[in-house]
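Have the structure open beside you as you read.

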Amino acid sequence: MKTEDIKLFHQIVDAGSLIRAAEIFDLPKSNLSRRVKALEEELQVQLFHRHNRSMQLTEAGETFYERTKALISDFELCIQEVTAPTYELSGHLRVQVLPLPGIIDIGRAIFKFMDLYPKVTVEIITGSVETDLIENHIDVALRIGDKLEDSSLIARPFMSASFGYYATPNYITTNGMPEKPEDMVNHEFIRFRYPSGYLYNKMPLGKDKEIEVSGKLIMNSVPLIVEACLQDRGIILLPEPLADFYIERGMLVRLFEDIEPSMSYGWLVYPSRKYLSLTVRTFIDYMLTEAEHMGVCQNIEGDIRGMSI
């Protein structure tokens with residue numbers, strides 16, 4: 001019995017259907033169906049109930065899935081221990097990264113990981129929607145926010161950034177300089193919508209206070225928010241290291257210098273650590289180590305400089 005066929009069975013279950021698994025792994029549906037059928041014949045049990053396009057686990061299938069998930073993970077660890085130091089990591093990683101400041105640094109870290117482990121293939125998925133990790137067979141994802149809604153995920157602190165309020169000199173000349181934070185209710189504010197769908201319109205003022213703002217423009221792209229601000233369309237909340245690039249060139253002005261910057265946090269998230277493969281474990285440890293050397297927004301000016309400069 002091939003361990004790869006058992007892992008394929010896991011992937012089909014996690015994806016929710018044979019068709020979805022075929023799409024995710026770019027394999028012919030007939031190939032997956034044939035391998036599952038061969039596994040069932042070898043086990044002499046039926047793993048799935050087949051109803052037209054849907055496939056549901058049988059009782060035996062559920063038992064086999066739960067028991068073999070842990071066994072495969074332990075087996076890979078055993079192989080690594082027995083063959084060390086000659087063992088080479090292999091496998092395919094699916095990593096979801098939100099298109100936010102720092103994505104270039106994160107990409108570079110992933111590329112370095114691939115150089116260290118040439119037999120590992122990687123698929124980096126970017127998008128503004130937080131997808132279900134298990135259903136879409138995503139091994140590791142980057143999430144943002146003070147806390148995470150999905151308590152079933154393991155979350156590790158990854159990055160943090162301090163934020164301040166900024167506007168262009170032209171915007172201030174036309175609309176006036178807000179003297180105090182409460183004045184922002186009378187100004188245009190360019191707002192950000194989180195991947196979860198949450199609209200960020202309650203702006204932090206220090207640790208224990210916030211103010212609700214409004215504006216005609218809402219986006220989920222940081223580069224476009226910066227571009228709109230540079231076109232004098234409103235006030236923005238922006239990571240300080242990124243804003244410094246524009247401050248130095250006289251393109252943005254910092255508002256409310258006396259207000260303590262707010263903080264935003266990034267998390268490396270993944271499903272239950274109980275079933276992680278050795279490759280995923282190694283990748284997580286590597287990225288957490290790399291995060292210590294990466295300053296958020298450290299090298300991201302190039303992502304957006306060309307838009308208005």
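The protein has ten helices and 14 strands, where helices are DSSP runs of H or I with at least four residues, strands are runs of E with at least two, and both are numbered from the N terminus. The model is predicted, so local features need pLDDT of at least 70 and side-chain atom pairs count only at pLDDT 80 or more, while totals for chains, interfaces and linings use all residues. Residues are numbered from 1 along each chain as its sequence is written, and side-chain values use heavy atoms, with hydrogens and water left out.

Of the 309 residues, 46% count as buried, meaning under 20% relative accessible area with a 1.4 Å probe and protein chains only. Among contacts (heavy atoms within 4.5 Å) with a separation of 6 or more, 76% join residues 24 or more positions apart.

**Helix 9**

Helix 9 covers residues 278-291, and its 14 residues should span 20 Å at 1.5 Å a residue; the end C-alpha atoms are 20 Å apart, which agrees. The expected span is 1.5 Å times one less than the number of residues. Eleven of the 14 residues of helix 9 are buried, including L278, V280, I284, L288 and A291.

**Two helix pairs**

Two packed helices are described by the angle between their axes and the distance between the axes. Here the axes are lines fitted to C-alpha atoms over the stretch in contact, and angles run from 0 to 180 degrees between N-to-C directions.

| Pair | Axis distance | Angle |
|---|---|---|
| Helix 5 (residues 103-116) and helix 9 | within 10 Å | roughly 130° |
| Helix 2 (residues 18-25) and helix 3 (residues 29-43) | 9 Å | about 120° |

Helix 5 and helix 9 are therefore oblique to each other: angles under 35 degrees count as roughly parallel, over 145 as roughly antiparallel, 65 to 115 as roughly perpendicular and the rest as oblique. The crossing of helix 5 and helix 9 is right-handed, that is, the near helix is turned clockwise from the far one by less than a right angle. On the helix 5 side, the contact uses I106, A109, I110, K112, F113 and L116, and helix 9 brings T279, T282, F283, Y286, M287 and E290. By class, that contact has eight nonpolar, two polar and two charged residues. Ala, Val, Leu, Ile, Met, Phe, Trp, Tyr, Cys and Pro count as nonpolar, Asp, Glu, Lys and Arg as charged, and the others, Gly among them, as polar.

Helix 2 and helix 3 are oblique to each other too, and their crossing is right-handed. L18, I19, A21 and A22 of helix 2 meet K29, L32 and S33 of helix 3, giving five nonpolar residues, one polar and one charged.

Methods:
Buried < 20%, exposed > 50% of the residue type's maximum accessible area, 1.4 Å probe, protein only.
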